[in-house]
Amino acid sequence: AKQNAAVRIQAWWRMTLAKKNFTQLKSKAVVLQSYVRMVQTRSKFNITRAKVIAIQRWYRNVKLGQQIRMDYLQRRSQIIKLQALVRGHLARRTYLRTKEAAVRIQANVKMLIQRRRYQKLKNCTILLQKTYRSMVQMRQVRNDFLQQRKSAVVVQSYLRSYIARKEYLKQKSSAIVIQSYVRMHLERK
C-alpha cells in the first residue's frame, strides 16, 4: 500500500505539476491567443481604420469637391450676373451716347432744314417785298407820269389855247385890218 500511496502521491504530484504546467501553459496559451487575437484584431482594426480613413478621405474629398463645385458655380453665377450688369451698363451707356449723338445729328439736320426753309422763305419774302415795292414804285412812277402827262396835256392845252387865241386874235386883228383896208378901199372907190 506504501507503494500505492507513493504512486498516488507521485500521480497527484505529477497531476499537480501537470495541472500547474497546464494552467501555466493554458495561461500562456490564453495570453498568446489574446496577443494573437489582439494582433489580428489590431491588424483588422488598422485595415478597417485605413479603409475607414480612405472612405472618410474619399467622402470628404467628394464633399469638398461638391462644396468647391458649389462655390465655383455660385461664383460663376455671380460673375455672370456681374458681367451682365457691367455689359448692360456699358450697353446702356453706349446706347445713351448713340442716342444723344443721334439726337444732336437730328437737331442739326432739323436746324439746317429749318434754316434753309427760313432762308428760302426770307428770300421769297424779300423778293415779294421787292416786287411789291417795285410795283408800288412803278404805280407811283406811272401815276406821277400820268399826272405829269395830264399836267403836260393841260399845259399844252392851255399853251395851244393861248397860241390859238393869240393866233386867232392876230388873225382877227389882221382880218379887222384887212377888212378895214378893204372897207377903206371900198369907201374910197
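Analyst: Accessible areas here come from the Shrake-Rupley method with a 1.4 Å probe, and for residues only the protein chains shown count as cover. On that basis the protein chain exposes about 18,400 Å². Carbon and sulfur atoms supply 61% of this area. The model is predicted, so local features need pLDDT of at least 70 and side-chain atom pairs count only at pLDDT 80 or more, while totals for chains, interfaces and linings use all residues. Residues are numbered from 1 along each chain as its sequence is written, and side-chain values use heavy atoms, with hydrogens and water left out.

Along the principal axes, the C-alpha atoms fill a box of roughly 265 × 10 × 10 Å. Of the 189 residues, 1% are buried (under 20% relative accessible area; exposed is over 50%, partly exposed in between; 1.4 Å probe, protein chains only).

One part of the surface is a nonpolar patch made of Ile9, Trp12, Trp13, Met15 and Leu17. Together these residues have about 560 Å² of accessible area. Patches take residues with over 30% relative accessible area and no salt bridge, joining like charges within 9 Å and nonpolar side chains (Val, Leu, Ile, Met, Phe, Trp, Tyr) within 5 Å. Tryptophan 13 is found in helix α1 and is partly exposed, at 47% relative accessibility.

There is one aromatic pair (rings of Phe, Tyr and Trp, its six-membered ring, with centres within 6.5 Å; planes under 30 degrees apart are stacked, over 60 edge-to-face, the rest tilted). The ring centres of tryptophan 12 and tryptophan 13 lie 6.4 Å apart with planes at 45°, so the pair is tilted.

The structure also holds one salt bridge (a side-chain nitrogen of Lys or Arg within 4 Å of a carboxyl oxygen of Asp or Glu). Glutamate 100 and arginine 104 form it, at 2.7 Å from N to O. Both lie in helix α1 (residues 2–188), four residues apart, about one turn of the helix. Glutamate 100 is partly exposed, with a relative accessible area of 42%, whereas arginine 104 is exposed at 54%.

Notes:
Helices (H or I, at least four residues) and strands (E, at least two) are DSSP runs, numbered from the N terminus.
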